[in-house]
Amino acid sequence: MTYSIKQVSQITGLSIYTIRYYDKQGLLPFVKRDSSGYRAFTDADMSLIHTICYLKNTQMKIAGIKQYIDYCMIGQNQLEPARRFC
């Protein structure tokens, strides 16, 4: 199922402006566009938005959330070799 940005706003309570801001900051790397160029959010995108909201509620800054998402995109297997040098 896909959701419009308005639907995402209604479901999450985030403003449309905030959702666009998160997307522009790279926090929503997988959001696709429909044939008209509008964002089309999937259930996976919705899960990520909920995670972002939880992290924001811990007072984490956008840069920290971006880094967390980047690490998640890298994957656990890719991080293991780097830990040996820490």
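Visitor: Which word describes threonine 12, buried or exposed?

Guide: This is a predicted model, in which local features need pLDDT of at least 70 and side-chain atom pairs count only at pLDDT 80 or more, whereas totals for chains, interfaces and linings use all residues. Residues are numbered from 1 along each chain as its sequence is written, and side-chain values use heavy atoms, with hydrogens and water left out. Buried means under 20% relative accessible area, exposed over 50%, and partly exposed in between (1.4 Å probe, protein chains only). Because its relative accessible area is 19%, threonine 12 is buried.

Visitor: Which residue has its backbone nitrogen 3.2 Å from a polar atom of the side chain of threonine 12?

Guide: Threonine 12 lies in helix H1; helices (H or I, at least four residues) and strands (E, at least two) are DSSP runs, numbered from the N terminus. A polar atom of its side chain lies 2.8 Å from the backbone oxygen of valine 8. The backbone nitrogen found 3.2 Å from a polar atom of that side chain belongs to leucine 14.

Visitor: Which residues does threonine 12 contact, leaving aside neighbours within four places in sequence?

Guide: Contact means heavy atoms within 4.5 Å. With neighbours within four places in sequence set aside, the partners of threonine 12 are Ile19, Met46, Ile49 and His50.

Visitor: In what order do the elements of the chain run from the N terminus on?

Guide: The chain has five helices and two strands. From the N terminus on, their order is α-α-β-β-α-α-α.

Visitor: How far apart are the C-alpha atoms of isoleucine 62 and isoleucine 52?

Guide: Not counting residues up to four places away in sequence, isoleucine 52 touches Tyr22, Leu27, Leu28, Ile65 and Ile69. Isoleucine 62, in helix H4, is buried, with a relative accessible area of 17%. Beyond its neighbours within four places, isoleucine 62 is in contact with Tyr21, Tyr22, Gln25, Leu27 and Lys56. The C-alpha atoms of isoleucine 62 and isoleucine 52, ten residues apart along the chain, are separated by 9.0 Å.

Visitor: What is the C-alpha to C-alpha distance between alanine 44 and threonine 2?

Guide: Alanine 44 is found in helix H3 and counts as exposed, because its relative accessibility is 56%. Alanine 44 and threonine 2 are 42 residues apart in sequence, and the distance between them in space, C-alpha to C-alpha, is 9.8 Å.

Visitor: What percentage of the residues of the chain count as buried?

Guide: Among contacts between residues at least 6 apart in sequence, 47% join residues at least 24 apart. Of the 86 residues of the chain, the share that counts as buried is 29%.

Methods
A polar contact is a pair of N or O atoms within 3.5 Å; within protein, one must be able to donate a hydrogen and the other to accept it, and residues adjacent in sequence count only if both atoms are side-chain atoms.
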